[in-house]
Amino acid sequence: DPVTLRRYSVEVDEPGCEGLYYRSVPGRITADAGYPRNGDVVLGHEVSPRDVPGRWVRLQNGYYLPLASVDGTRTFLHLADEAADSGQGAVLRTKKIRSLSVLAALPAAPSAVRGAAPLSPVAASSRLLRPAIHMDAMAFGMGCSCLQVTFQGKDVDESRFMYDQLAVVAPIMMALTASTPILRGRLADTDCRWGIISESVDDRTPAERGIGIDTVGEGDPALAGAGKRRLYKSRYDSISAYIYQGTCEGPGCDKAQIHNRYNDIPVPVDEESYEMLRKAGIDPALSQHVAHLFVRDPLVVFDGSVEEVDDGTMTDHFESIQSTNWQTVRWKPPPPRPNP
């Protein structure tokens, strides 16, 4: 459920005490996780655990801090705005402002919001902060590092077989190698980059997302599918269909049929591209895969690589679509060779 975050100033008035240790859960100290010092400002919301006495604040980074002593006689966390308004010294206010300049960029929100409207001056200055990381540029997503591995098959059939097998393994590998602990529980409520990038390049129109699709009218003819074809995922997401059809010989074999036993999610396609591929002799499964790429518009166009490209000998235009459809696995046909 949505919660309201408040700013708390850490002030522990005990001899030799510099601050408060984090608690992984209320009542359990995490001594090796660092801790906020006196004068620091933390963001969180008050909670009341059933099995642990006292009042607690759950922080944005996932840890807990006691709001006061168990007997309630000593307060450790003070609402920061109230402390500043009460006329306390400039040292506390300076520390608070410096800490907030960092904390505002490092909340523990569950998602990175692409294209969110900026906060109004009133909301921005409010004492109540929303638990979200607002990213206003694609680079925030694509700036996340990754490991990309390319395998070369001996022929088209083997490459398609590898594609299907790797599509199953890729999500498992991402879970096993999730290695961004600074995010998980400290800066954001995630430990890998997938959701961040998926949202940062999600350019679907409201109608393509299924919002207001009945009122969109004719759409925008400059966009693929007039900007109103239903697209169920971001252009950075999992694969939509398997492409290896297996061996098929003998009576009853129909190589012109897509074996959809495991293809059980919608795969929107560009019908014109699909028909062109089928007429060129490409089997239905691979035609569907490529035509599915063309439901998107290209994101990147380089100067001198539009009308100057010879589609008979170069694949630049195809790659402009292919390279901006980011999926768990990408099937990459080899580039054309100028000579044998």
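A residue is called buried when its relative accessible area is under 20%, exposed when over 50%, and partly exposed in between (1.4 Å probe, protein chains only). Helices (H or I, at least four residues) and strands (E, at least two) are DSSP runs, numbered from the N terminus. This is a predicted model, in which local features need pLDDT of at least 70 and side-chain atom pairs count only at pLDDT 80 or more, while totals for chains, interfaces and linings use all residues. Residues are numbered from 1 along each chain as its sequence is written, and side-chain values use heavy atoms, with hydrogens and water left out.

**Figure 1. Overview of the protein.** The protein has nine helices and 11 strands. Of its 340 residues, 35% count as buried. A contact means heavy atoms within 4.5 Å. Among contacts with a separation of 6 or more, 62% come from residues 24 or more positions apart.

**Figure 2. Helix α8 and its surroundings.** At the start of the helix, a side-chain oxygen of Asp-283 reaches to within 3.2 Å of the backbone nitrogen of Ala-285.

**Figure 3. The salt bridge between Asp-283 and Arg-160.** A salt bridge is a side-chain nitrogen of Lys or Arg within 4 Å of a carboxyl oxygen of Asp or Glu. The side chains of Asp-283 and Arg-160 meet in such a bridge, at 2.8 Å from N to O. Because Asp-283 lies in the loop between α7 and α8 and Arg-160 in helix α5, the pair ties together parts that are 123 residues apart in sequence. Asp-283 is partly exposed, at 22% relative accessible area, whereas Arg-160 counts as buried at 6%.

**Figure 4. Further salt bridges.** A search of the whole structure finds seven salt bridges. One of them joins the side chains of Glu-46 and Arg-55 (2.8 Å, N to O). Glu-46 is partly exposed, with a relative accessible area of 34%, and Arg-55 is also partly exposed, with 47%. Another salt bridge is formed by the side chains of Asp-270 and Arg-229 (3.7 Å, N to O). This pair links distant parts of the chain, with Asp-270 in the loop between β10 and α7 and Arg-229 in the loop between α6 and β10, 41 residues apart.

**Figure 5. Aromatic pairs.** Rings of Phe, Tyr and Trp (its six-membered ring) pair if their centres lie within 6.5 Å; planes under 30 degrees apart count as stacked, over 60 as edge-to-face and the rest as tilted. The whole structure contains four aromatic pairs. Phe-161 and Tyr-244 form an edge-to-face pair, 5.4 Å centre to centre with 80 degrees between the planes. Phe-161 is in helix α5 and Tyr-244 in the loop between β10 (236-237) and α7, 83 residues apart. Phe-161 is partly exposed, with a relative accessible area of 38%, and Tyr-244 is partly exposed at 27%. Elsewhere, Trp-194, Tyr-236 and Trp-326 form one aromatic cluster.

Definitions and conventions. A polar contact is a pair of N or O atoms within 3.5 Å; within protein, one must be able to donate a hydrogen and the other to accept it, and residues adjacent in sequence count only if both atoms are side-chain atoms.
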